[in-house]
Amino acid sequence: DILHVHAVKETDHAEIEKDELGNTIINGEYLISKTIEQGSYGKIKLARNITTGELYVSRFFNINSTFI
């Protein structure tokens, strides 16, 4: 397998929704799956691009003590 490095996407706002199976979808583009790591500042989660199927690592910061 070849590792592809993508440019970093950063946002201060995310549209969070659930699909019919209860999966978390971010910005209508990424399906969020398992937590890889968790710390006092946030979580690192695995995400899959819904269109391409490519896997990404997403970092979610703990703001107002709310996690996905």
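1. Patches first: a surface patch is built from residues with over 30% relative accessible area and no salt bridge, where like charges are joined within 9 Å and nonpolar side chains (Val, Leu, Ile, Met, Phe, Trp, Tyr) within 5 Å. Here Tyr41, Phe61 and Ile63 make a nonpolar one of about 420 Å². Areas come from the Shrake-Rupley method with a 1.4 Å probe, and for residues only the protein chains shown count as cover. A salt bridge means a side-chain nitrogen of Lys or Arg within 4 Å of a carboxyl oxygen of Asp or Glu.

2. Before you go on, note that this is a predicted model: local features need pLDDT of at least 70, side-chain atom pairs count only at pLDDT 80 or more, and totals for chains, interfaces and linings use all residues. Residues are numbered from 1 along each chain as its sequence is written, and side-chain values use heavy atoms, with hydrogens and water left out.

3. Have a look at Ile63, in the segment after strand S5 (55–61). Strands (E, at least two residues) are DSSP runs, numbered from the N terminus. Ile63 counts as exposed because its relative accessibility is 58% (exposed is over 50%, buried under 20%, partly exposed in between).

4. S5 runs antiparallel to strand S4 (residues 42–49), with seven bridges joining them; strands pair if DSSP finds at least two bridges between them. Ile44, for instance, has Arg59 in S5 as its bridge partner. Five residues separate S4 and S5 in this hairpin, and Gly53 in the turn has a positive phi of about 85 degrees.

Note on methods
Helices (H or I, at least four residues) and strands (E, at least two) are DSSP runs, numbered from the N terminus. Buried means under 20% relative accessible area, exposed over 50%, partly exposed in between (1.4 Å probe, protein chains only).
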